[in-house]
Amino acid sequence: MPLILDSSSDSSIHSQAEREKSRRIHHDADVVVVGAGVLGAALAVALANQGRSVILLERSLKEPDRIVGELLQPGGYDALIQLGLQHTLEGIDAIPVTGYTVLYYDESVAIPYPTTATETIRPGSKTSGKPNKPEGRSFHHGRFVSRLRATALAHPNISVFETEATSLITCSYTNQILGVESLTGKIQKDYFFGSLTVVCDGYASKFRKSYIHHTPQVKSKFWGMELLDCPLPTPQHGVVVLGKNSPVLLYQIGTHETRVLVDVPEGLPSTSTANGGIKGHLQKVVLPSLPPAVQPSFQMALEKGVLRSMPNSFLPPTMNRTRGLAILGDALNMRHPLTGGGMSVALNDVVLISELLSPENVADLANTDLVLKQFRLFHWRRKALTAIVNILAQALYSLFAANDWQLKYLQKGCFRYFQLGGRCIDEPVGLLGALIRRPFVLLYHFFSVALWSIWILIQENGLLLFPLSLVQGLLILWKACVVIFPYIFAELRS
Ligand SMILES: Cc1cc2nc3c(=O)[nH]c(=O)nc-3n(C[C@H](O)[C@H](O)[C@H](O)COP(=O)(O)OP(=O)(O)OC[C@H]3O[C@@H](n4cnc5c(N)ncnc54)[C@H](O)[C@@H]3O)c2cc1C
Ligand SMILES: *[C@@H]1O[C@H](CO)[C@@H](O)[C@H](O)[C@H]1NC(C)=O
């Protein structure tokens, strides 16, 4: 028998080694996390920092090469800092983001993240030592995820396995989830066990179906290309191009690289094969609508021909009710990526969960009653922020992709509203930046935009047509309600 010295530091090192062995050899831990994406990697580190023993499973540890998750809003960046993971965005040529510029036909309006209101609208954020100016970051997604994974790989309380989860292990008697079955190197079956299994396998989650009864709704796709040395109207701003087509997003993701994402609604006639497919659409419809300075690099990228697409999904959140299981990230909840909110939701969720599941609140994660109770709290508490991000993304997308006359008025009204400046941009961009946690601010501005649109209509129609304006105005207001209320109701469900 080896002699074990009875000093506390030695015994903790000893138990740490024991737990490492238990993960490596017996595949047993407090938590098994499925998917080392933005949410999974950050959550693994947050729980491991609290002394939990964590197994992290990822089907491919190669640097991801994707067109998603490239702009982190300031509210998400704050969460990353709170998690002690700020270093993951250093040294990867990330670009500071200080706001948005919206182009509407030939006009434009710059919408910086609000500086002055910072203290009042960012409750709980530590402003000391940080500039009082909210900033986001944009970057190559794969570089960020690789840095998050590297942090997990280096953590003494985490063991990372490159393996593809294939099914959940359910106790046939209690229906509790006990862990995960997986396939390593496409041939070897493996089994991993934990008191809590967290499924965060992304937008195409294979595990959600059995536990979540909504299916993602997809009304459009984003087609992405990488532009080289593309001059943008405002440095360090994300750019939104509005007009008669669906919206186009542009933002720098490196010193020389700019991401362009073109929203293409399902079944658009100009993308038919007769019209040259998606390339024909980008060439004939999208290119001419872009600012002249952007057109040469867009043309070059088109000629290079590296085109990729992703579905833009909406999936309302569902409460986790299964013992031993939590579904999180895109697997749980998605909104249109127009507003770049997904990673901010994911990272703020990690902050909230690590608070609710901290050893002070839940001494033992095997206490499934208590864990489920904490996930009930999680479902409602996260809404202060995520309901805003979800509803805003969906409602704004309807306006920006306007496909009928009422929506076109709302779109114009929205742009004219931004032109008013002051509170009419500070709070909307504060909502978009995941900085404001008061859902009523969203309702207030949404209906202010609707009323402003009606006022524009009345002015355009003139005094003689006032009775007509009244009818049309009511139809616009009705449309605004039809746009937003379904998404509000989706948030009120458990
Ligand atoms: C076109 C587009 C653009 C977007 N742009 C932005 C943006 O600018 N800003 C923003 O904040 N958000 C953006 N998003 C949303 C953002 O990408 C997601 O919200 C975020 O990546 C979700 O993180 P996640 O960890 O849940 O999923 P992911 O990051 O997708 O991670 C899932 C991980 O699970 C792994 N995995 C999957 N199945 C298995 C399995 N069976 N076994 C083991 N591992 C598995 C995958 O390999 C992956 O690593 C965008 C989304 C889209 C579609
Ligand atoms: C790992 O877990 C132990 C508890 O077993 C804890 O004391 C230690 O701080 C954790 N390590 C890190 C780096 O967080």
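User: Which residues are around ligand 2?
Analyst: In this predicted model, the residues around ligand 2 are Gln 16, Arg 19, Ala 48, Asn 49, Gly 51, His 155, Pro 156 and Asn 157. A residue is near a molecule if one of its heavy atoms lies within 4 Å of it. Local features need pLDDT of at least 70, side-chain atom pairs count only at pLDDT 80 or more, and totals for chains, interfaces and linings use all residues. Residues are numbered from 1 along each chain as its sequence is written, chains are lettered from A and ligands numbered from 1 in the order in which they are written, and side-chain values use heavy atoms, leaving out hydrogens and water.

User: How far is the side chain of Arg 19 from an oxygen atom of ligand 2?
Analyst: An N or O atom in the Arg 19 side chain is 2.9 Å from a ligand oxygen atom. For Asn 157, a polar side-chain atom lies 2.3 Å from an oxygen atom of ligand 2.

User: What share of ligand 2 does the protein bury?
Analyst: The protein buries 57% of the 360 Å² that ligand 2 exposes when taken alone. These accessible areas come from the Shrake-Rupley method with a 1.4 Å probe.

User: Changing topic, at what angle do H11 and H13 pack?
Analyst: Helix H11 (residues 405–419) and helix H13 (residues 439–461) pack at about 105 degrees, and their axes are 8 Å apart. H11 is therefore roughly perpendicular to H13, a label given to angles of 65 to 115 degrees. Axes are lines fitted to C-alpha atoms over the stretch in contact, and angles run from 0 to 180 degrees between N-to-C directions.

User: Which residues make the contact?
Analyst: Among them are Tyr 409 and Arg 416 of H11, and Trp 452 and Glu 460 of H13. Contact means heavy atoms within 4.5 Å.

Key
Polar contact = N/O pair within 3.5 Å; in protein donor to acceptor, adjacent residues only side chain to side chain. Helix = DSSP H or I, 4+ residues; strand = E, 2+ residues; numbered from the N terminus. Parallel < 35°, antiparallel > 145°, perpendicular 65-115°, else oblique.
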